[in-house]
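Please keep the sequence and the structure in view while reading.

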Amino acid sequence: MNAILTPHRPILALPDHLISQIAAGEVVERPSAVVKELLENALDAGASSITIRLEEGGVKRIAISDNGRGIPADQLPLAVERHATSKIASLEELENVATLGFRGEALASIASVAVLTLTTRTADAAHAWQIEGGKITPASGAQGTTVDVQDLYYNTPARRKFLKSDQTEFGHCAEVVRRIALARPDVAFSLSHNGKTVDHWMVTAIAKRSASILGEAFANARLALDESAGPLRLHGYIGLPTASKGRADAQFFYVNGRFVRDKLLTHAVRAAYQDVLHGDRYPSYVIALDLDPALVDVNVHPSKIEVRFRDSRAVHQFVFHAVHRALAQTSATAFGTVPAPVTANLIDSNQSGNGKLPWVGGEQISFSAQFAAPSGSSNYQDYSHSFNRQEQAGVAQSAVNYGALFSESGTASHEHNNLPSGSVATTPQLSNDEYPLGFALAQLHGVYVLAQNTKGLVLVDMHAAHERILYEQLKNALNDNAMSVQPLLIPITFYADAIEVATASDNAEVLHSLGFDIAAISPTTLAVRSIPALLKNADAQTLARDVLRDVREFGGSRVLIDRRNELLGTLACHTAVRANRSLTTPEMNALLRQMEQTERADQCNHGRPTWVQLGLNDLDRLFLRGQ
């Protein structure tokens with residue numbers, strides 16, 4: 001292929017109109033970019049009500065009106081000039097940007113590729129003023145500004161050909177409005193397309209605004225988040241794992257009020273969900289990160305959708321641990337947490353006015369309280385280090401002795417021990433101050449535990465629940481370097497190939513830290529002499545092979561750092577109670593008590609729900625009672 005040769009030309013300064021059109025290529029990618037720039041200008045002007053009117057997806061017309069401060073008449077010519085702005089005036093202000101817009105080229109860029117009319121009025125002006133094509137004339141209008149953009153790309157038809165259908169372009173515009181409306185619930189927004197109102201949001205709280213935009217499914221399955229460390233504050237709502245989606249279209253992250261798509265922040269949130277998210281699902285969230293503007297650079301991309309942090313590692317660790325700790329409270333006794341969407345519609349009706357669950361008489365219990373950051377801590381650079389030390393200070397739990405544990409609770413009668421599997425037991429007096437999951441009634445098909453609490457019926461997947469309990473116990477024990485070991489009276493020997501034998505010999509220290517003693521007794525034979533006490537009921541040979549496979553595949557050091565949780569999840573899965581195993585009533589009740597005390601107990605290691613609640617209202621509807 002022959003290269004295209006351009007004729008030799010002298011260096012010349014580009015004309016102003018061409019410079020503006022080149023700048024427009026960076027700022028005005030499509031109609032939605034115009035909407036974004038104009039909305040940001042309106043918010044910077046202090047608007048409390050904004051109206052967006054679109055025609056033909058914004059290609060034919062974009063008109064945005066606000067009730068902000070307005071622009072004085074003598075400043076109108078500068079308002080549509082390139083690099084003219086009232087938002088920054090020095091390098092110091094550029095490094096401490098506190099407004100959404102600041103580059104001073106949006107209006108000039110838009111005017112270079114469309115017909116732009118700007119009408120504005122300040123509070124002390126006798127009437128409004130209008131500028132179009134550089135000509136200023138008196139006009140009528142209330143306080144604020146209206147920017148009317150018509151015939152986008154009328155003078156650059158080649159660029160107009162790259163636009164999609166009107167409906168597609170409108171979809172992008174509507175998404176921009178949604179993002180900004182989520183960030184500013186204190187501002188009323190109204191969006192119309194081709195003369196029909198599409199969305200209208202009144203001034204409200206972020207809880208209601210996010211419910212209105214993201215839907216009731218998110219509103220009924222979310223956790224409130226508000227954490228601070230030094231100059232960093234993270235607040236908003238994160239969706240429960242059971243409310244995850246197949247696409248990442250319900251993820252809204254804001255930095256100082258600005259919507260961003262930052263890889264560092266996205267990775268931090270995703271990593272926090274990795275223990276509880278099922279398969280290729282994506283979490284839903286609306287999160288805002290507030291920090292000193294001097295600690296973040298928002299001027300790294302023309303559309304300002306990417307940011308750069310001065311200390312990216314500290315920010316990543318703060319976001320990760322804040323979300324991680326919030327998700328850790330998804331146990332049966334957490335703050336109004338629902339295990340699965342099936343009970344979402346019962347939250348409002350069953351929750352008491354003081355924000356506590358109806359069965360909790362005293363203060364709510366947070367099992368992650370021992371992980372709280374030290375009060376008065378202001379050195380956010382050391383946040384991640386102090387957090388890891390606190391997180392590792394948790395108490396390792398010993399192996400579960402179901403019968404003993406239930407007997408200690410004082411709620412089992414001796415007659416229960418003689419009940420056949422699957423029979424219905426007489427439940428003790430319900431006391432959900434201590435037992436929010438209630439008490440077991442029966443076992444269904446050897447897979448599910450049926451229990452009764454004051455709200456109605458609880459259905460538990462016993463394998464998934466036990467798997468999560470074991471997994472959290474293994475993590476705590478490994479964090480504390482207190483992995484209890486169960487020596488085998490008679491070592492389990494099995495045939496091993498040369499690679500397995502070499503892996504056991506080369507990684508003996510790593511295996512010991514995990515609670516395994518696997519030694520070679522011949523070139524083709526391995527002996528398992530001890531296993532973690534938490535897994536004493538598992539098949540020792542199968543466990544040993546799985547551990548050796550992961551250590552061989554990922555390397556000893558990586559297994560304990562990058563792949564630790566995956567390995568522990570595999571071990572827990574092998575050891576958890578299997579389907580079709582008969583449990584006695586005391587064992588089922590002990591499982592419920594352990595769930596109430598285990599972090600993230602609402603999901604198994606793969607993100608699936610471990611229990612669901614069917615309230616009395618749900619049961620009444622099933623049987624048409626009261627209808």
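At what angle do helix H2 and helix H5 pack, and how far apart are their axes?

## Basis of the report

This is a predicted model, in which local features need pLDDT of at least 70, side-chain atom pairs count only at pLDDT 80 or more, and totals for chains, interfaces and linings use all residues. Residues are numbered from 1 along each chain as its sequence is written, and side-chain values use heavy atoms, with hydrogens and water left out.

## Helices H2 and H5

Helix H2 (residues 31-44) and helix H5 (residues 106-113) pack at about 145°, and their axes are 10 Å apart. Axes are lines fitted to C-alpha atoms, for helices over the stretch in contact, and angles run from 0 to 180 degrees between N-to-C directions. Helices (H or I, at least four residues) and strands (E, at least two) are DSSP runs, numbered from the N terminus.

On the H2 side, Val-34, Glu-37, Leu-38 and Asn-41 meet Ala-106, Leu-107 and Ile-110 of H5; contact means heavy atoms within 4.5 Å. The residues of this contact comprise five nonpolar, one polar and one charged. Here Ala, Val, Leu, Ile, Met, Phe, Trp, Tyr, Cys and Pro count as nonpolar, Asp, Glu, Lys and Arg as charged, and the others, Gly among them, as polar.

## A five-stranded sheet

Five strands form an open sheet in the order E9-E10-E13-E11-E12, with mixed pairing; two strands pair if DSSP finds at least two bridges between them. Its edge strands are E9 (222-229) and E12 (258-260), each of which pairs on one side only. Within the sheet, strand E10 (residues 232-239) and strand E13 (residues 285-290) run antiparallel and are joined by six bridges. His-235 has Ala-288 in E13 as its bridge partner.

Helix H7 (residues 166-183) packs on the sheet and touches E11 (251-255), E12 and E13, its direction making about 55° with that of E11. Helix H10 lies across E10, E11, E12 and E13, and runs at about 125° to E13.

## Helices H10 and H11

H10 (residues 263-273) also packs with helix H11 (residues 312-328), at an angle of about 30° and with the axes 8 Å apart. Among the residues that make this contact are Leu-264 and Tyr-273 of H10, and Phe-320 and Leu-327 of H11. By class, the contact has 12 nonpolar, four polar and no charged residues.

## The whole chain

The protein chain has 22 helices and 22 strands. Of its 627 residues, 49% are buried, that is, under 20% relative accessible area (1.4 Å probe, protein chains only).

Methods:
Buried means under 20% relative accessible area, exposed over 50%, partly exposed in between (1.4 Å probe, protein chains only).
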